[in-house]
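Take a moment to look over the fold as a whole before turning to its parts. The paragraphs below then follow the chain into its loops, its sheet and a pair of its helices.

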Amino acid sequence: PAADVAAVAQKYDYPSNRDSQFHVGTEACMIWEVFNNTRPPTDNVNVRRALNYAIGRMPIISLLGPYAGTATDQVLVPGLPGYKKLNVYGNYPNVEKAEQVGGSALKNAAPLNIYYSPASQFSTNEAELEQSEIQQIGLKVSLIQSDPTDYYGGLGTQYNIARVGSCPDYFDPYDYINAAFDSGNVFNFSNSSFTKKADHAASLSGKARARAYATL
């Protein structure tokens, strides 16, 4: 249980003891804070950029307990061809930067909603945390409950922000970029130029393929 992790890690002298009986493993799964690209105000790229600064990644991970995950603001994960560690938005809320990049788009923005599952305490806490962070940049935020037994069935397009977990079918950049952003994706994202570049990257091999995905 998350509440016991810190005590057990300390008992087995983790992380200072390299031979500790307590281990933290890694996986290829990601938790996305998905922005709906077709519903105002998240259909505006400057609003989406502002939200990336306003929402703190580490505070969300902290809700899951110690060693629950690693913050990231990029699509590829360590070990994938093309991965290069970036620090684009930072891991904690930056209200000043959010307001700067949002500009007039924030001042005229429609209210947004956060879709969450009331059946999950983590999902509820996460939605309330994000609501408080986003309100700091002047946006009005409502919390929209899913069906407690069918989160994804009710996701549709009537949301601005939603949590979506994904694990790749196979460990390759294609599954993180091409498959994630293909037609009917949960982001409601559609961009012909991006799709063309993603298809080109997939057609390559070796270092050229890695470079193309790194650029994306």
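Helices and strands are here DSSP runs, numbered from the N terminus, where a helice is a run of H or I with at least four residues and a strand is a run of E with at least two. The model is predicted, so that local features need pLDDT of at least 70 and side-chain atom pairs count only at pLDDT 80 or more, while totals for chains, interfaces and linings use all residues. Residues are numbered from 1 along each chain as its sequence is written, and side-chain values use heavy atoms, with hydrogens and water left out.

In the loop between β1 and α2 (45–54) lies Pro 41, and a cis peptide bond, with omega about 5°, joins Pro 40 and Pro 41.

The next part to find is the sheet, which is open and mixed in its pairing, with four strands in the order β1-β4-β2-β3; two strands pair if DSSP finds at least two bridges between them. At the edges are β1 (30–35) and β3 (141–145), each of which pairs on one side only.

From β2 the chain crosses through α6 to β3 in a right-handed β-α-β crossover (with the strands pointing away from the viewer, the path from the first strand over the helix to the second runs clockwise).

Finally, look at helix α8 (residues 192–203) and helix α9 (residues 206–215), whose axes come within 8 Å and cross at roughly 155°. Such axes are lines fitted to C-alpha atoms, for helices over the stretch in contact, and the angles run from 0 to 180 degrees between N-to-C directions. The two helices α8 and α9 are therefore roughly antiparallel to each other, a term for angles over 145 degrees. Their contact (heavy atoms within 4.5 Å) is made by Ala 198, Ala 201 and Ala 202 of α8 and by Arg 209, Ala 212 and Tyr 213 of α9.

Notes
Parallel < 35°, antiparallel > 145°, perpendicular 65-115°, else oblique.
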